[in-house]
Amino acid sequence: MDYTLVVALEMIRAIAWLVLLASGLAIIFGMMRIINFAHGEFLMLGGYTVVISTNAGVNEWVSILILAPVVVGVFGIIVERLVIQRLYGRILDSLLATWGLSMLMMGGVTMIFGNTVQGVSTPFGGMKIGAYQVPIYNFVLIGFAVLVLVAIWCVLKFTKAGLIARATMQNADMAEALGIRTRWVYMTTFGIGSAITGLAGGLLAPVTGVVPTMGMNLVGQSFITVITGGASVIAGTLSSATLLGTISQGVTFLTGPVYGDAALLVTALVLLRLLPQGITGRIFKRSL
Amino acid sequence: MEKSVLRDPGFYVMVAIGLAAMLILPVVLDMFTIMQITQYVVLAVFALSLGYIWGFGGILSFGQAAFFGLGAYTFAVAAINIGETTIPLILAFAIPCLFGAALGYFIFYGRLSDVYLGVVTMVVTLLFWKLANHTAGPEYAIGEARLGGFNGIPSIPVMNIPGEPEAMLDPVQMFQVFMGFLIVVYIVLRLLIASDFGRVSIGIRENETRASLLGYDVRRHKLVVFAIGSGIAGLAGAMWATYQAFIDPNAFSMEMSAKALVWVMAGGVGTLVGPIIGVILLQWLTLKLGTMELLNSLAVLGAIMMVLVLALPKGIVPTLRKLIVDGWTLARRKKTGGKADE
């Protein structure tokens with residue numbers, strides 16, 4: 001019974017982890033149909049912000065919840081202004097440019113901070129479920145995953161900005177014709193997506209520690225989750241994270257983490273063969 | 001532009017330059033330089049594999065290193081087990097080619113978009129890299145070859161003359177054989193591109209919908225192009241393995257895929273000379289910058305990639321070609337007194 005509970009909890013944590021990793025990327029993909037190949041390095045930047053500011057004496061929660069999103073969000077807007085906006089309409093070029101950015105950031109951070117793992121302590125410690133020790137921080141991760149999705153949903157559904165965003169997502173030309181400055185919408189979206197990515201990186205830093213190459217271990221999962229989900233931000237992320245998280249965590253329990261990743265990829269490939277537009281290209285088409 | 005290869009003087013010039021390099025360089029240069037250049041030759045074959053599928057099939061693969069590494073590991077494992085190198089070389093072409101076909105089935109028959117293709121190929125590479133790093137224990141062995149995880153596979157046999165396992169090639173012979181491979185790959189690709197098959201794949205690159213409305217099976221076509229490219233990348237990987245006599249999981253690294261992209265972008269997408277020039281230019285540049293030790297090589301590579309996309313999206317060869325053609329037309333126009341001509 002205890003074991004079942006722990007396994008179930010691990011599954012939910014894995015799903016929450018994928019949701020956190022992928023939400024920021026999914027917003028950008030849903031809006032502009034481009035994948036930010038520097039996504040892993042945006043996560044890394046969030047992580048570094050938290051580690052550096054915490055070690056400099058800032059309260060850990062302030063750095064996770066405020067500093068990391070702000071720093072990465074502003075960085076995202078700068079990147080959008082300098083690089084992405086020149087490449088609208090040239091989707092493949094924007095992929096190449098962001099990949100270049102990814103390597104530039106990885107190399108740059110290595111030059112500045114060195115290739116060593118730095119970390120901060122994980123808050124809250126653990127709790128006991130029967131004979132098993134579970135970190136309380138897992139519940140924090142799950143809580144934030146839910147919070148992020150609910151927040152995105154509320155903004156898209158109930159605010160004017162959300163309405164404009166949905167209009168641009170559905171038909172950018174028509175939105176432009178009706179007087180919406182779509183370029184401005186794109187910039188804001190990219191900034192918000194980056195900020196959420198920064199928050200995710202900040203939340204992960206206490207668990208994984210930070211290294212310049214940490215992005216590489218995370219992008220695979222993020223990309224797969226987003227493209228399997230398809231273009232709808234919430235329904236897509238949630239459905240694919242649930243499916244992939246369950247499968248990969250199941251396989252990880254049986255064989256180990258490396259094959260968990262392999263299972264993730266194989267599942268995604270088979271799924272994309274059946275549903276080339278991602279899950280939300282066929283099912284939940286009209287959802288957000 | 002795709003006129004008959006056999007009537008194109010540029011084709012003969014290129015092959016002649018290749019043959020001249022193959023025969024003359026070992027006479028004029030010392031052994032160390034020859035071994036350095038051998039490296040360029042191997043990487044040029046790798047660059048051609050991407051240059052072909054991207055430039056003449058419209059398939060932008062972000063994971064060409066997956067096939068390069070697969071070829072290298074195939075060659076290493078087979079050569080250690082068999083004890084000679086001819087069959088392993090064939091396997092290093094065949095296995096990545098088959099794997100490319102299998103992966104291509106999921107990608108092209110699912111009609112995935114370009115973005116999805118990029119992501120899937122990249123994730124496949126990442127996964128190979130992770131798996132290869134994971135095989136450190138003694139239980140991960142194929143026959144006599146231990147995969148060795150992040151330590152890699154050491155003492156891979158040097159290439160030998162087919163049928164005579166004892167007759168190993170010395171560095172100069174290896175250079176000449178590899179040059180031969182490069183020339184053969186170049187000729188085969190030129191002929192392939194000029195064939196009916198190649199024309200159709202260029203048509204697909206230009207307009208996929210139109211090609212399929214004309215009755216061509218776009219999915220099968222792209223799959224074949226992708227598989228051929230994968231096989232060539234695997235061959236390059238095998239050459240790399242036997243040249244270094246060592247291979248580690250970095251053959252699967254993102255950096256390797258990124259380098260291939262940068263070479264092709266720098267040289268020019270849609271040419272075969274371009275990727276080769278890209279290799280020479282950028283490897284030389286990396287060598288120069290590497291000695292400075294101040295800059296991180298990954299950061300430099302990333303910066304070059306961004307600059308190329310933003311400032312020189314067409315690449316060197318097409319830009320030069322356009323300049324020359326424009327200059328030529330201008331000169332002709334002046335001569336004929338301002339009359340427009342063909």
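Reader: What makes you say that residues of chain B are in contact with chain A, and how many are there?

Author: Two residues are in contact if their C-beta atoms, placed from the backbone, lie within 7 Å. By that test, 33 residues of chain B are in contact with 35 residues of chain A. This is a predicted model, in which local features need pLDDT of at least 70 and side-chain atom pairs count only at pLDDT 80 or more, while totals for chains, interfaces and linings use all residues. Residues are numbered from 1 along each chain as its sequence is written, chains are lettered from A and ligands numbered from 1 in the order in which they are written.

Reader: Which elements give two or more residues to the side of chain B that touches chain A?

Author: Those are H4 (86-109), H5 (114-133), H10 (254-267) and H12 (297-311) of chain B. H5(B) gives the most, with twelve residues. Helices here are DSSP runs (H or I, at least four residues), strands are runs of E with at least two, and both are numbered from the N terminus.

Reader: How do you know how that side of chain B divides into nonpolar, polar and charged?

Author: By residue type: Ala, Val, Leu, Ile, Met, Phe, Trp, Tyr, Cys and Pro count as nonpolar, Asp, Glu, Lys and Arg as charged, and the others, Gly among them, as polar. The side of chain B that touches chain A then has 25 nonpolar, five polar and three charged residues.

Reader: What angle do H3(B) and H5(B) pack at, and how far apart are their axes?

Author: Helix H3 (residues 64-82) of chain B packs on H5(B) at about 35°, with the axes 7 Å apart. The axes are lines fitted to C-alpha atoms, for helices over the stretch in contact, and angles run from 0 to 180 degrees between N-to-C directions. H3(B) brings B:Ala65, B:Ala66 and B:Gly69 to the contact, and H5(B) brings B:Val124, B:Thr125 and B:Phe128. Sorted by class, that is four nonpolar, two polar and no charged.

Reader: Over to chain A. Why is it called as compact as a globular protein of its length?

Author: Chain A has twelve helices and two strands, in the order α-α-α-α-β-β-α-α-α-α-α-α-α-α. Its radius of gyration is 19 Å, close to the 19 Å that the globule rule gives for 288 residues, so chain A is as compact as a globular protein of that length. The radius is taken over C-alpha atoms, and the rule is 2.2 Å times the number of residues to the power 0.38.

Reader: And what does that comparison give for chain B?

Author: A compact globule of 342 residues would have a radius of gyration near 20 Å, and chain B has 21 Å, which agrees. Chain B has 13 helices and two strands, and its C-alpha trace spans about 75 × 55 × 45 Å along the principal axes.

Reader: Why is A:Ala68 called buried?

Author: A residue is buried if 20 or more other C-beta atoms lie within 10 Å of its own, exposed if 12 or fewer, and partly exposed in between, with C-beta atoms placed from the backbone. A:Ala68 has 29 other C-beta atoms within 10 Å, so A:Ala68 is buried. It sits in helix H3 of chain A and touches, among others more than four places away in sequence, A:Gly46, A:Thr49, A:Gly198 and A:Leu199. Across chain A, buried residues make up 49% of the 288.

Reader: What makes B:Arg111 partly exposed?

Author: Its count: B:Arg111 has 15 other C-beta atoms within 10 Å, so it is partly exposed. B:Arg111 is in the loop between H4 and H5 of chain B, and its phi is near 50°, a positive value in a residue other than glycine. B:Ala245 also counts as partly exposed, with 13 other C-beta atoms within 10 Å. Its phi is near 60°, and B:Ala245 lies in the loop between H9 (218-244) and H10 of chain B.

Reader: How do you know that the buried residues of H6(A) line one face of the helix?

Author: In helix H6 (residues 160-170) of chain A, the buried ones are A:Ala165, A:Thr168 and A:Met169. Seen down the axis, they fall within an arc of 100°, so they line one face of H6(A). The arc is that of the directions from the helix axis to the C-beta atoms. On the other side of H6(A), A:Lys160 and A:Gln170 are exposed. The buried residues of H6(A) pack against H1 (2-32), H5 (137-158), H7 (172-177) and H8 of chain A.
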